[in-house]
Amino acid sequence: MSSDVSTQERKKLTNKERMKIPRHPMPEQDPLQRAANFLEVPLGYTPEMAMEEAERCLQCKDPKCVAGCPVNVQIPEFIYHVATGNFKLAAQKLKEDNALPAVCGRVCPQEEQCEVVCTIGARVEPVAVGRLERFVADWERSSGTIEIPTLPPPTGKKIAIIGAGPAGLTCAGDLAKLGHSVTIFEALHKAGGVLVYGIPEFRLPKKIVEAEVNYVEKLGVEIKCDFVVGMTRTIDELMTEDGFDAIFIGTGAGLPYFLGVPGENLNGVYSANEFLTRVNLMKGYDFPNNADTPVPMAKRVAVIGGGNTAMDAARTARRLPWTEKAYIIYRRSQVEMPARKEEIHHGEQEGVEFLLLTNPTRFLGKDGWLVGMECQKMELGEPDASGRRRPVPIKGSEFVIDVEAAIVATGNGSNPLINKTTPGLQTNKHGNIIADEGGKTSREGVWAGGDIVIGAATVIKAMGAGKKAAQSIHEYVIAKKT
Amino acid sequence: MFLILEKNDLAAKVYRYVIAAPDVAKKAKAGQFVILRLYEDGERIPITLADWDARQGTITLYVQAVGKTTLMMSMMKAGDAIKDVVGPFGLPSHIEKGKILVALGGGFGIAAIHPIVRAHKLIGNRTTSIIGARNKDLMIMEEEMRAISDEVRIATDDGSYGTKGFVTTILKNMLEEKEPMDVVLAIGPVVMMKAVSDMTKPYGVQTLVSLNPIMMDGTGMCGACRVVVGDKMQFACVDGPEFDAHIVDFELLMARQKMYSPQEKLSMEIFEKICQTQTQRETAAW
């Protein structure tokens with residue numbers, strides 16, 4: 001246990017007794033009610049629920065959960081403070097490693113990271129680490145007592161971060177805490193990246209993202225929105241003319257992939273990026289009364305894909321008042337869907353219909369407008385490169401589904417803007433920037449991390465990359481002469 | 001916030017703005033555009049850069065009030081500020097030395113050809129600008145175009161100024177008369193750009209157009225602006241907006257521009273109602 005442990009002590013329970021406490025369920029909005037609003041689905045633990053859940057943690061001497069976390073949050077420690085009711089200390093401990101705990105507590109796939117290796121998980125349900133993280137972060141925000149750590153004296157080094165998404169915000173925060181002068185350049189009019197344009201309001205309220213962004217600004221980071229590095233200024237100009245000592249590229253996976261089937265350019269076929277950005281970032285769910293960005297107004301919407309983005313799009317479409325039917329069209333079966341089980345479950349409850357083992361072969365139109373999709377049924381054959389069983393079309397199984405909107409959510413590639421405008425920056429054939437463990441690229445003084453390096457992945461992985469890069473950048477600039 | 005330094009009301013619901021946007025002004029090149037957002041909860045709209053002054057840090061835009069956002073913008077004055085101005089976006093216009101340029105601009109499309117014609121002139125190319133409007137009073141930027149073109153030819157629908165007819169009427173004549181030209185540039189409504197393309201194709205004259213599909217982010221991340229050029233899907237915001245006219249699928253572009261027509265109409269109706277109510281209230285108060 002670390003030295004700053006609270007003076008209070010947890011209840012004296014045996015391990016057996018702790019494991020007998022059932023995992024506290026998360027209170028949620030009623031499915032039918034929430035399918036018509038954009039408020040958060042999980043309502044959060046109360047302090048009592050949180051303290052009770054925190055008692056389930058065995059405080060293992062060799063905690064596997066810490067290694068399971070991509071940013072190595074000191075999980076047993078912060079949970080201990082929750083159990084003793086010292087939420088302020090819990091928040092401090094949490095934030096030593098995690099810059100965006102309110103975000104992670106909501107969107108991390110804990111079931112694949114910290115919770116899946118939880119010791120008690122072998123016998124009973126694992127400790128609800130994610131829900132506790134969310135509770136602590138929310139408590140701190142509502143208590144209005146967010147602590148800003150004392151910053152070391154300025155190092156005089158300037159670092160430019162490209163992209164105000166999870167990777168950039170994390171990298172910026174860590175570098176600011178080390179005394180460097182940090183500026184984030186963001187192409188959109190709002191900071192947050194996928195946190196504001198991609199993940200819907202009902203999974204991640206934008207007020208929360210705003211609070212997290214404000215925290216990073218309070219650390220002294222300057223965020224310049226409406227600034228497109230590659231167009232407004234190139235990386236070379238930032239380094240040779242604007243005096244930046246190092247660059248971190250966190251521009252994300254912002255290139256939408258389309259299916260390449262006939263009819264894809266009909267009115268009514270959208271990329272998930274377009275649909276989600278219109279509804280989320282541009283507040284299209286409030287069109288036309290309180291927001292000006294138009295959104296598709298289709299009675300029947302088909303979302304093609306099986307990942308979190310597809311689930312987000314389907315559940316968002318479900319919530320728009322004019323939607324009568326929202327489908328997920330996925331070519332494999334439910335177990336192969338990459339989306340979080342929790343999101344699939346919530347989608348089912350909200351009335352999203354799943355057409356599995358189904359693949360669209362063409363989009364059908366009338367007068368330039370989408371009226372339906374021709375699909376084929378699939379069966380699962382031998383595993384492919386991803387290890388999942390390959391979907392094989394069943395001959396003669398074609399059928400038509402009537403829809404007025406189709407959202408293609410089959411993945412994103414790397415936005416090529418930085419690659420095109422930064423000579424000497426090596427990328428792979430997919431356009432991902434090649435970077436080492438610490439994020440160093442082929443260009444001196446230039447680092448990269450997050451989706452732009454590893455392809456479309458998770459918020460927490462991007463944050464982990466931002467952390468590692470911050471450390472690597474710090475060592476580099478400190479050693480630099482001028 | 002981006003301050004409007006100058007605002008002029010021109011004819012036919014066209015407005016000219018000079019806006020303080022130093023970062024954009026420093027980097028702007030002919031053929032590029034910016035994206036504006038008037039206020040929080042506003043929508044993002046693309047507007048071509050008609051001019052800029054890197055030293056003063058200003059950009060000049062010509063905007064036609066056709067929908068809610070541009071109508072709201074037309075009500076702004078010098079001293080007001082726009083929430084977001086970002087850019088410059090798009091690939092700069094392709095300018096080659098030693099070419100004879102014929103540029104056609106219809107209505108407020110003249111603002112879009114202005115910087116491109118100027119760029120050609122600056123590298124020593126011969127430039128002929130064909131500008132058109134419905135009538136003499138609705139013509140914009142005539143003086144600016146004369147300043148940067150070797151020759152300006154004018155067409156008005158009603159014949160009140162210059163040739164009676166369209167800009168394409170003048171071009172047709174030039175092609176038939178075998179007047180020398182290496183590249184034709186046309187910017188304006190899609191029907192106009194398509195007409196120019198169809199006209200020059202049999203003569204084999206290289207023709208460039210600047211496409212104006214619906215856009216949202218401008219950085220190539222959403223695909224709303226996708227167009228088909230030579231059977232390839234391209235994003236107008238990052239692969240264009242300028243393309244080889246002879247291989248552009250204009251029909252598809254026209255169809256896709258209607259993608260949000262019902263919503264745009266709805267938005268306008270609500271806004272016009274608000275304006276009416278506002279005016280009624282102000283009148284009643286008085």
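Contact here means heavy atoms within 4.5 Å. On that basis, and not counting residues up to four places away in sequence, A:Glu336 touches A:Tyr330, A:Leu380 and A:Arg388. The model is predicted: local features need pLDDT of at least 70, side-chain atom pairs count only at pLDDT 80 or more, and totals for chains, interfaces and linings use all residues. Residues are numbered from 1 along each chain as its sequence is written, chains are lettered from A and ligands numbered from 1 in the order in which they are written, and side-chain values use heavy atoms, with hydrogens and water left out.

A:Glu336 sits in the loop between β8 (325–329) and α15 (341–350) of chain A. Helices (H or I, at least four residues) and strands (E, at least two) are DSSP runs, numbered from the N terminus. A:Glu336 is buried, at 13% relative accessibility. Buried means under 20% relative accessible area, exposed over 50%, and partly exposed in between (1.4 Å probe, protein chains only). A:Glu336 and A:Arg388 are 52 residues apart in sequence, yet their C-alpha atoms are 6.8 Å apart in space.

The largest nonpolar core holds 83 residues. A nonpolar core is a set of buried Ala, Val, Leu, Ile, Met, Phe, Trp, Tyr and Cys residues joined through side-chain atoms within 4.5 Å. The members that touch the most others are A:Ile75, A:Phe78, A:Ile79, A:Val82, A:Leu132, A:Ile161 and A:Ile473. Helix α18(A) supplies the largest share of this core, nine residues. In soluble globular proteins, nonpolar side chains tend to be buried together. Beyond four places in sequence, A:Leu132 touches A:Tyr45, A:Ala50, A:Glu53, A:Ala54, A:Phe78, A:Ile79, A:Val82 and A:Val127.

Two packed helices are described by the angle between their axes and the distance between the axes. Helix α9 (residues 166–177) of chain A packs against α18(A) at an angle of about 35°, with the axes 7 Å apart. Axes are lines fitted to C-alpha atoms, for helices over the stretch in contact, and angles run from 0 to 180 degrees between N-to-C directions. The crossing of α9(A) and α18(A) is right-handed. A crossing is right-handed if the near helix is turned clockwise from the far one by less than a right angle, and left-handed if anticlockwise. From α9(A), the contact is made by A:Pro166, A:Ala167, A:Thr170, A:Cys171, A:Asp174 and A:Leu175. Residues of α18(A) in this contact include A:Met463, A:Gly466, A:Ala470 and A:Ile473. By class, the contact has 10 nonpolar, three polar and two charged residues. Here Ala, Val, Leu, Ile, Met, Phe, Trp, Tyr, Cys and Pro count as nonpolar, Asp, Glu, Lys and Arg as charged, and the others, Gly among them, as polar.

A:Gly466 lies in helix α18 (residues 459–479) of chain A. A:Gly466 is buried, with a relative accessible area of 0%. Outside its sequence neighbours up to four places away, A:Gly466 touches A:Ala167, A:Thr170, A:Cys171 and A:Phe248.

In chain B, Asp84 is found in strand β8 (residues 84–89). B:Asp84 is buried, at 6% relative accessibility. The side chain of B:Asp84 makes a polar contact with that of B:Arg37 (2.8 Å). A polar contact is a pair of N or O atoms within 3.5 Å; within protein, one must be able to donate a hydrogen and the other to accept it, and residues adjacent in sequence count only if both atoms are side-chain atoms. Neighbours within four places aside, B:Asp84 is in contact with residues of both chains, including A:His189, A:Asp226, B:Phe2 and B:Ile35. B:Pro88 also lies in strand β8 of chain B. A cis peptide bond joins B:Gly87 and B:Pro88, with omega about 0°.

B:Tyr62 is buried, at 5% relative accessibility. A polar contact of 3.5 Å joins the side chains of B:Tyr62 and B:Arg16. The C-alpha atoms of B:Tyr62 and B:Val14 are separated by 6.7 Å, although the residues are 48 apart along the chain.

Chain A has a cis peptide bond between A:Phe287 and A:Pro288, with omega about 0°. A:Pro288 lies in the loop between α13 (272–279) and β7 (300–304). A:Gln59, not a glycine, has a positive phi near 55°. A:Gln59 is buried, at 16% relative accessibility. B:Asp41 has a positive phi of about 80°. B:Asp41 is partly exposed, at 22%.
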